Amino acid sequence: MSLKVAFQMDPIQSVDIDADSSFRLAEEAQVRGHELFFYTPDGLTFDEGRVTARGHPMMVQRVRGDHVTLGPETTVDLADWDVVWLRQDPPFDMGYITTTHILDFLAPGTLVVNDPFWVRNYPEKLLVLSFPDLTPPTMVARDLASIRAFRERHGDMIVKPLYGNGGAGVFQLTPEDRNLTSLHEMFTFMTREPLIAQKFLPDVSKGDKRVILVDGEPVGAINRVPAKGETRSNLHVGGRPEKIAMSERDLEICAAIGPLLKEKGQVFVGIDVIGGWLTEINVTSPTGIQELERFDGINVAEKIWAAIEARRAG
């Protein structure tokens, strides 16, 4: 099966080819004989009923410094394409949300991965609220008094932007910390969005496990260990990836959330588990493919494409 595949993503020219999941997905697609097209979100347009993208035909190769060849700039009608990948990084702001609305118009003829309707309705820090038995105590609030009361109930807590990513703006606040009011002022000055607070899980020092699910089924995990003196384990901020096996608790969590993810067209998902507790369900632009492939010797990208090809064939 040869497919026409478009990637909506941040500039591919600047990605780390040894870590970037979008590059790995494009590489595997090319091996499978699929035709590739690249465009950034700014190139997406709704034009009198047509959804178009201004971008470039693309070829990739695993050569550092020469990993992508782009053809002449052109505008394509995405209804003529079999698959569109929604792969730009958050923050999950109104620009991001608008692209999901535009891509919705491609259904059912073009398969958008992950399904943009449910990406819009299931952002990472909100979908977990549907599974309170699997998650640590969590609050979504803008009101300072409510957040203070949460800390009084649970002691150490994590406070972070509701629609942030990559560990940016994540703070650990102990009961003695006097910065809550100042942080609240800073966040509420910058945005009208609420914050998310979670009970701090000391097990994060042992690592934040990223479990990858493909079409609702777990395929493996990596452990992300915070750098010395850090609470955050994100690889973007110095977290160290380690090989790790999935536990019975990981499989229990995946069994609980997997059917919903598959039903809602979330083909490639990365969940975060700390000390046996589910903290995020990443659907917007999950990462971790290449680290898992190196640690476990499996072709995760192949599994993702097999799931996509099955959906197209069906």
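**A walk from a buried loop to an enclosed strand**

Let's start at Asp215, which sits in the loop between β13 (208-214) and β14 (217-225). Strands here are DSSP runs of E with at least two residues, helices are runs of H or I with at least four, and both are numbered from the N terminus. The model is predicted, so local features need pLDDT of at least 70 and side-chain atom pairs count only at pLDDT 80 or more, while totals for chains, interfaces and linings use all residues. Residues are numbered from 1 along each chain as its sequence is written, and side-chain values use heavy atoms, with hydrogens and water left out.

Is Asp215 buried or exposed? Its relative accessibility is 13%, so Asp215 counts as buried; the cut-offs are under 20% relative accessible area for buried, over 50% for exposed and partly exposed in between, with a 1.4 Å probe and protein chains only. Setting aside neighbours within four places in sequence, Asp215 is in contact with Lys262, Gln266, Val267, Ala307 and Arg311, where contact means heavy atoms within 4.5 Å.

Next, have a look at Gln290 in helix α8. With 3% relative accessibility, Gln290 is buried too. A polar atom of its side chain lies 2.9 Å from the backbone oxygen of Asp20. Not counting residues up to four places away in sequence, Gln290 touches Asp16, Ile17, Asp18, Ala19, Asp20, Phe23, Arg24 and Arg62.

On the α1 side the contact is made by Ser21, Phe23, Arg24 and Leu25, and on the α8 side by Ile289, Gln290 and Glu293.

Finally, turn to strand β10 (residues 157-161). Five of its five residues are buried, so β10 is largely enclosed by the rest of the structure. How do its partners run, parallel or antiparallel? β10 pairs with β11 (residues 171-173) in the antiparallel sense over three bridges, and five bridges join β10 to β12 (residues 195-199), again antiparallel. Two strands pair if DSSP finds at least two bridges between them. Ile158 has Gln172 as its bridge partner in β11 and stands opposite Gln198 in β12.

Methods: Polar contact = N/O pair within 3.5 Å; in protein donor to acceptor, adjacent residues only side chain to side chain.
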